[in-house]
Amino acid sequence: MRIIEGYYMRLGDTIFYAKGVEHPPGKVIAYPKYVLDPKGERMDARRRRYRKLFTQEEQLRYLREYYNEYLVYDPYIGEEVPEIPLDSFNEVYDPLKRAKELLASSKPGIERDATDMILDLSSGFDNDEIGISGSLLVGLHNESSDIDLVVYGEDKGRKVYEILKERLKEEKDYKRYSKGNAEALYKRRREETPISWDEFLKQERRRILEGYYRNREYSIRLVRQSNSYGSKIVRKLGEATLVLEVMDSRESIFTPCRYAVRSLKVVRGPETGRKVEFIYSLRERFTEIASEGDVIEARGEVEVWTYKTGDEVTLLYLGRKGDYMKLLWSRDTMIT
């Protein structure tokens with residue numbers, strides 16, 4: 001079984017999630033998401049209480065305290081990451097299997113809404129590559145939980161994206177985030193992604209992979225399944241704040257996401273930032289933010305990827321606390 005973005009795993013009593021699509025052979029890069037806590041707000045089928053670790057900072061602290069033996073420096077990633085042997089896990093939660101189980105059932109509430117959403121977004125094609133992730137996957141959901149979907153494969157992902165665009169135009173079951181309903185999401189994210197409320201709202205108004213379905217928050221990750229682990233060495237050159245023009249955003253809808261850019265100005269950081277050709281992130285929050293022709297400001301880590309072929313590319317990696325993207329100018333009148 002190949003475990004990638006969207007899958008969850010249980011190690012002892014801790015529930016981890018897989019990060020990204022590039023993983024070492026026989027291992028998975030995974031972070032803790034739900035941990036046992038007698039005061040936790042989540043409850044599993046055995047009536048054990050869990051709490052959610054929301055930020056990457058919380059997750060890393062927990063790893064260092066309880067699972068430090070799995071933290072290793074990986075030259076193909078360019079930093080210290082948790083690499084856990086697949087045979088260490090007590091249980092694997094498969095998003096596709098979980099979706100099939102719910103599609104075959106007739107449970108009401110959030111489970112019914114999640115399956116209705118899958119059926120609607122797969123209109124005209126097979127839904128075998130659409131899965132359920134998050135709390136619904138691991139049985140820690142309640143009626144106020146989000147619907148987290150994951151779509152595997154580039155073709156299926158683009159099809160779902162086009163259908164979702166049409167549904168949002170109808171404004172029936174689907175709605176974008178707006179000034180009236182995005183405040184809670186902003187509060188959850190502002191600690192790690194420091195942009196203003198107005199800047200955040202501009203971004204969310206153009207995004208479609210997050211929003212509301214039948215008054216429930218939803219998020220959808222589109223995941224391509226290629227695995228290029230080991231094909232490159234990553235060197236980190238330092239944090240930078242850059243002004244960039246977006247040249248191509250076709251890969252910005254996927255997780256991991258990528259924007260082809262042209263560096264216009266180094267606001268802060270190494271002058272190597274002038275050579276940046278791409279923005280890259282494993283985090284869903286950076287998808288869909290900018291389109292071709294937009295001018296953005298972004299803060300992240302300048303990296304050089306050196307491939308086994310000898311080719312090199314310089315990029316800005318976004319993913320750590322304090323990293324952000326914000327629009328400075330756009331041709332989209334809804335944004336300016």
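User: Is Tyr-218 buried or exposed?
Analyst: This is a predicted model, in which local features need pLDDT of at least 70 and side-chain atom pairs count only at pLDDT 80 or more, while totals for chains, interfaces and linings use all residues. Residues are numbered from 1 along each chain as its sequence is written, and side-chain values use heavy atoms, leaving out hydrogens and water. Buried means under 20% relative accessible area, exposed over 50%, and partly exposed in between (1.4 Å probe, protein chains only). Because its relative accessibility is 2%, Tyr-218 is buried.

User: How many aromatic pairs does the structure hold?
Analyst: Rings of Phe, Tyr and Trp (its six-membered ring) pair if their centres lie within 6.5 Å; planes under 30 degrees apart count as stacked, over 60 as edge-to-face and the rest as tilted. The number of aromatic pairs in the structure is 17.

User: What kind of aromatic pair do Tyr-174 and Tyr-218 form?
Analyst: The ring centres of Tyr-174 and Tyr-218 are 6.4 Å apart. With 80° between the planes, the pair is edge-to-face.

User: How many residues apart are Tyr-174 and Tyr-218?
Analyst: Strands (E, at least two residues) are DSSP runs, numbered from the N terminus. Tyr-174 lies in strand E11 (residues 174–175) and Tyr-218 in strand E13 (residues 216–223). This pair links distant parts of the chain, and the separation in residues is 44.

User: Which ring lies under the charged end of Lys-232?
Analyst: A charge sits over a ring if NZ of Lys or CZ of Arg is within 6 Å of the ring centre and within 35 degrees of the ring normal. At 4.5 Å from the ring centre, the charged end of Lys-232 sits over Trp-305.

Methods
Helices (H or I, at least four residues) and strands (E, at least two) are DSSP runs, numbered from the N terminus.
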